[in-house]
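Take a look at the sequence and the model below.

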Amino acid sequence: MDWVALTFISVFFRSVYGVMTKVLSNKLKVSIYTQAALLPLAAALITLLISPFIGGIKLNFGGVSLLAVILVILGQGLGNIAYFAAMKNLTNGTAQIAFSSILFFNTFLSLVFLGLHLSLANIFGLVLLMLAILSVTSGKVELHKRGVALMVLSAFLFSVFQLASAEISKQVGAAMYLLIAYLGAAAVVFVFKWRVVIDDMQTSEKRMTLGIPLLTAIPSLGNFLFAYYAYRIAPEPAKVAMLLTSQVVLTVFLSYFILKEKGHLPRKIVAAILV
């Protein structure tokens, strides 16, 4: 399977994950910090269970970039906190289109640090994305400025995570990559808000609090795993990160059918197609 096909399978899982995180945000009566901790912990648990089928866990860290590992952990951990904070205030369609600003960050960081070369078609695509974001966050569309700002911040942090992932994907196996990303992200949350997480776990309804993150973790794993394999074989890994932004198209439609987010649908569809 070539890297483009792997990337679009990852896009599909990312779209499902986008819808599931909105469900998680709506259903769980816990803080954003607990949500940001439980999801990666659930994904790490599933990773341990499936690790024999994806190459096993190999603890050889020779040649692994420590800086890339730190950026993966901080990008994912802080990105999750900003993402869940934003999801509290935005509909999923609007949130995902705002999140697609990650393409700008991916492009800028890739140009500066990875020597990415852009064609005229790539530049034209960036202009279309800007129009899409402006169309969905202007006029009478539901606009929560703090929510949009947090989502854009989340996009920047996940851009750092994705580009660092492109580097370490060639240095560690799939299972180890997933464990670094998920356990590292959970550790970041615990460092800052461990008391909040523990308090929530003591007072919340356990079945719902543990069950929804486990279900949400499945598409998250699919997103990360297929993106990992795409990074490994792509001639320019930065372009994988850029293509992943196309998840917004499918996410808008899934939000319409699953979350019943029907408000201002024509404008959202146009914005998604532009992306």
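What follows describes a predicted model, from the whole chain down to single residues.

**Overall fold**

The protein chain has 12 helices and zero strands. Read from the N terminus, the order of elements is α-α-α-α-α-α-α-α-α-α-α-α. The chain holds 275 residues, and 53% of them are buried. The exposed surface comes to about 12400 Å². Carbon and sulfur atoms supply 72% of that area.

**Confidence**

The mean pLDDT of the protein chain is 81. A value of 70 or more is reached by 80% of the residues. Among the elements, helix α2 (residues 32-50) has the highest mean pLDDT, at 93. Helix α12 (residues 265-274) has the lowest, at 59. Over residues 137-141, pLDDT stays under 50. For that stretch the model has 11 contacts beyond four places in sequence.

**Aromatic pairs**

A pair of aromatic rings is described by the distance of the centres and the angle of the planes. The count for this model is 12 aromatic pairs. Two of them are tabulated here.

| Pair | Centre distance | Plane angle | Class |
|---|---|---|---|
| Phe12 and Phe13 | 5.6 Å | 70° | edge-to-face |
| Tyr83 and Phe99 | 5.8 Å | 85° | edge-to-face |

Why does the pair of phenylalanine 12 and phenylalanine 13 count as edge-to-face? The planes of phenylalanine 12 and phenylalanine 13 stand at 70°, and planes over 60 degrees apart fall in that class. The pair of tyrosine 83 and phenylalanine 99 has its planes at 85°, so this pair is edge-to-face.

Phenylalanine 12 is partly exposed, with a relative accessible area of 44%. Phenylalanine 13 is also partly exposed, with a value of 23%. Tyrosine 83 and phenylalanine 99 are both buried.

Tyrosine 83 and phenylalanine 99 link distant parts of the chain. Tyrosine 83 sits in helix α3 (residues 66-87). Phenylalanine 99 sits in helix α4 (residues 92-99).

Lysine 193 lies over the face of tyrosine 33, at 5.2 Å from the ring centre.

**Serine 15**

Serine 15 belongs to helix α1 (residues 3-27). Is serine 15 buried or exposed? Serine 15 has 0% relative accessibility and therefore counts as buried, since the cut-off for buried is under 20%. Leaving out residues up to four places away in sequence, serine 15 touches Gln247, Leu250, Thr251 and Leu254.

**Proline 237**

Proline 237 is part of helix α10 (residues 237-243). Its relative accessibility is 17%, so proline 237 counts as buried. Which residues does proline 237 touch, not counting those up to four places away in sequence? They are Ala166, Lys170 and Tyr231. Alanine 166 is 71 residues apart from proline 237 along the chain. The C-alpha atoms of proline 237 and alanine 166 are separated by 5.9 Å.

How values were computed: Residues numbered from 1 in each chain as written. Predicted model: local features only at pLDDT ≥ 70, side-chain atom pairs only at ≥ 80, totals over all residues. Heavy atoms only, no water. Phe/Tyr/Trp six-rings, centres within 6.5 Å; stacked < 30°, edge-to-face > 60°. Buried < 20%, exposed > 50% of the residue type's maximum accessible area, 1.4 Å probe, protein only. Helix = DSSP H or I, 4+ residues; strand = E, 2+ residues; numbered from the N terminus. Lys NZ or Arg CZ within 6 Å of the ring centre and 35° of its normal. pLDDT = per-residue confidence, 0-100. Contact = heavy atoms within 4.5 Å. Areas by Shrake-Rupley, 256 points an atom, 1.4 Å probe, with all protein chains shown as cover.
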